[in-house]
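Please open the structure in your viewer and keep the selection panel at hand. The tour goes from one selection to the next and says what is there.

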Amino acid sequence: AEYHGHRVIVDQIKERDTQRVMDKEDQEREGQMLIKMMRELQREEAQANMDRRRRQKEMNDVIYNENQKAVHFKLYQAQLEKEEEEKIVQYNAEKAQKEAEYYKEQQRLREEKEREVQRLREKQEKVYDRQAEIDAIRAKRATEQAQRVAREKQRRDMELKEKATEEMNVQRKEQIEGKLHQMEEQAMQDRDCLLYTSPSPRDRQKSRMPSSA
């Protein structure tokens with residue numbers, strides 16, 4: 001009976017040892033499965049991160065290209081407006097030059113007419129008596145004074161008009177340059193705004209790491 005009891009204890013010990021070995025093997029298998037699952041999850045997460053970075057790069061490329069198009073379009077529009085304003089300035093300058101030439105020709109014709117009148121008057125003065133000569137001289141002086149006043153007024157008018165035309169051209173040119181400068185600054189600000197407000201791939205990855213964990 002004592003031997004039988006000893007045998008039972010030994011069998012129980014062997015059975016427990018066998019069970020521990022089986023449990024250990026099960027744990028190792030479960031551990032290997034967990035390691036495999038973790039590696040698979042890590043691989044899937046790495047692939048997802050790569051996909052996110054690729055999509056972010058594509059988005060940044062699209063934003064950059066659109067921004068470049070917008071900048072080029074604004075510069076093109078500014079160039080067109082500058083050329084149009086330059087045409088207007090050139091037209092005004094040519095118009096002012098033609099008007100000046102017209103007034104100069106009119107002045108020449110008036111002077112020729114005045115010389116002809118003076119020549120005729122001199123002939124008449126030879127025929128008139130002394131009083132007629134005196135009257136003619138007085139009339140001549142009055143006429144010359146009126147002509148001088150008229151010429152002086154015309155000269156002042158022409159100077160004022162030329163000065164006004166020149167000031168208008170200067171103001172127009174300053175407006176064109178100011179407008180071009182403003183549009184270039186606005187284009188640069190729009191481009192910088194698009195570039196700096198777009199999140200980088202690294203920022204997008206950092207912002208999504210807690211959700212993927």
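Residues are numbered from 1 along each chain as its sequence is written, and side-chain values use heavy atoms, with hydrogens and water left out.

From the N terminus on, the order of the elements is α-α-α. Of the 213 residues, 9% are buried, a class that means under 20% relative accessible area, with exposed meaning over 50% and partly exposed in between, for a 1.4 Å probe and protein chains only. Among contacts (heavy atoms within 4.5 Å) between residues at least 6 apart in sequence, 88% join residues at least 24 apart.

Next, colour the chain by pLDDT, the predictor's confidence in each residue from 0 to 100. The chain averages 81, and 84% of the residues score at least 70. Select helix 1 (residues 2–127), where confidence is highest at a mean of 85, and then helix 3 (residues 201–212), where it is lowest at 51. Over residues 209–213 the pLDDT is below 50, and beyond near neighbours in sequence this stretch has one contact in the model. Where pLDDT is low, the predicted coordinates should not be read in detail.

Now select E81, K82, E85, I176, K179 and L180, which line the largest cavity. A cavity is a set of points on a 1 Å grid over the protein atoms alone where a 1.4 Å probe fits but cannot get out, and lining residues have an atom within 4 Å of a point. Helix 1 and helix 2 (130–197) each give two or more residues to this lining. About 40 Å³ of space lies in this cavity, the volume being the space filled by probe spheres set on the points, which are joined across faces, edges and corners.

Finally, select Y102 and Y103, an edge-to-face aromatic pair with 5.7 Å from centre to centre and 65° between the planes. Rings of Phe, Tyr and Trp (its six-membered ring) pair if their centres lie within 6.5 Å, with planes under 30 degrees apart counted as stacked, over 60 as edge-to-face and the rest as tilted. Y102 counts as partly exposed because its relative accessibility is 49%, and Y103 also counts as partly exposed, at 30%.

Technical notes: This is a predicted model: local features need pLDDT of at least 70, side-chain atom pairs count only at pLDDT 80 or more; totals for chains, interfaces and linings use all residues. Helices (H or I, at least four residues) and strands (E, at least two) are DSSP runs, numbered from the N terminus. On a 1 Å grid over the protein atoms alone, a cavity is a set of points where a 1.4 Å probe fits but cannot get out, and a pocket is an open set with protein on both sides within 12 Å along at least five of seven lines; lining residues have an atom within 4 Å of a point.
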